[in-house]
Amino acid sequence: MAKLVFDRICKSFGKIKILKNVSFDCNDGEFLTIVGPSGSGKTTVLNCIAGLVYPEKGTIIIGGDDATLKPPQERDIAMAFGSYALYPRFSVYKNLAFPLRSPRSRMSEHEIEQRVTWVAKLLDIDPFLDRLPQELSQGQRQRVSLGRALVREPNLLLLDEPTSHLDARLRNAMRRELKLIHNKMTQTIIYVTHDYLEALSLSDRVVVLVKGEVLQFDKPRNIYDYPAAVEVAKLFGDLPVILFKGKIDDAGNFIEESGSFTLDTTVIASQIMPETAVMLGLRPTDLQLVPYKSGTLKGEIYSIQYQFEKKLVTVSTNGYLVEVVIPVDMNISEKEKVGIHIRPEACFFFDQETHRSI
């Protein structure tokens, strides 16, 4: 295990800047997740850590040593990917043992057997050691891929969207297993994903990477409760955050730009300068349907989606389609006129120009 420091890293491919002064650290034994949309530079970060690509600027420190320009074989790092990359003609045992038979490891067959048996039991794949990869399910193949990385006991374990090819049920199972593995091994893990649920459920800390820049680096709960930018708020949530453009008046109220509604935000917007152009962000799970006359927003039910234990209601109001999550037993119907109650403490405010939190 080792601590990682990723300090002001810049990386370009031709004229395209992929990483722009990216900085974060990962403590010894920590589970760190890098989350962001496709094309944000997540895999490039892992490739820089592994030594598969070298940055133009910045420093990478692994275990106290400068590893910025070290070749991959000198970094003691293992990687696992969404594509399993197993040797099809090797049994599970031989796939797991392959990294240990490198001339650099110099392990005896007895030691290799002990290590393979240990990791196979850890991942619950020991009944399949004699099988070929094509005889395994997707989830089992993913465990073998992960086991091949773990068997070496590397300083750093890099995981690049290892559950992306699994269905929802298997993804949930793999998340559970990864959490248990980390608790048992206290392995230093850097995990890349675009799935905010994985970031929230697995991580000690999260790096939010968008367009090659770190927008926020914090504990998962803080990122969810206090998003530092519009893009962060959009990434973290089952349903997209709803945004209204407007400004804060002299009394501290939010006024929607067309004047369609006003919201008393004096409690939370008192630090915002009057006449500041802002975006008001709301999560559908924080809104509440109320009688038409008592709503901050007033509109008509556009659609209703049943989602087992809840309903997702879309309300057409003042040119916006606003989604609200309600209990499944709440009786409403399409075209019905309703109000939407907004709790001021559930509001996020962002600068319209920079998209940063205010």
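Okay, let's start with a term: a nonpolar core is a set of buried Ala, Val, Leu, Ile, Met, Phe, Trp, Tyr and Cys residues joined through side-chain atoms within 4.5 Å, where buried means under 20% relative accessible area with a 1.4 Å probe, protein chains only.

What you see above is a predicted model, where local features need pLDDT of at least 70, side-chain atom pairs count only at pLDDT 80 or more, and totals for chains, interfaces and linings use all residues. Numbering runs from 1 along each chain as its sequence is written, and side-chain values use heavy atoms, with hydrogens and water left out.

So, the largest nonpolar core has 36 residues. Leu96, Val116, Leu146, Leu150, Leu157 and Leu159 have the most contacts inside it. Take Leu150: leaving aside residues up to four places away in sequence, Leu150 touches Trp118, Val119, Leu122, Leu123, Leu157, Ile181 and Met185, a contact being heavy atoms within 4.5 Å. There's also a second, separate core of 28 residues, and Phe6 and Ile190 are among them.

Now, pockets. On a 1 Å grid over the protein atoms alone, a pocket is an open set of points where a 1.4 Å probe fits, with protein on both sides within 12 Å along at least five of seven lines; lining residues have an atom within 4 Å of a point.

How much space lies in the largest pocket? About 780 Å³, counted as the space filled by probe spheres set on the points, which are joined across faces, edges and corners. Of its 23 lining residues, Ile77, Ala78, Met79, Pro99 and Arg152 are the closest to the centre.

The second largest pocket has about 380 Å³. It's lined by 18 residues, with Asp225, Tyr226, Glu345, Cys347 and Phe348 nearest its centre.

Conventions:
Buried means under 20% relative accessible area, exposed over 50%, partly exposed in between (1.4 Å probe, protein chains only).
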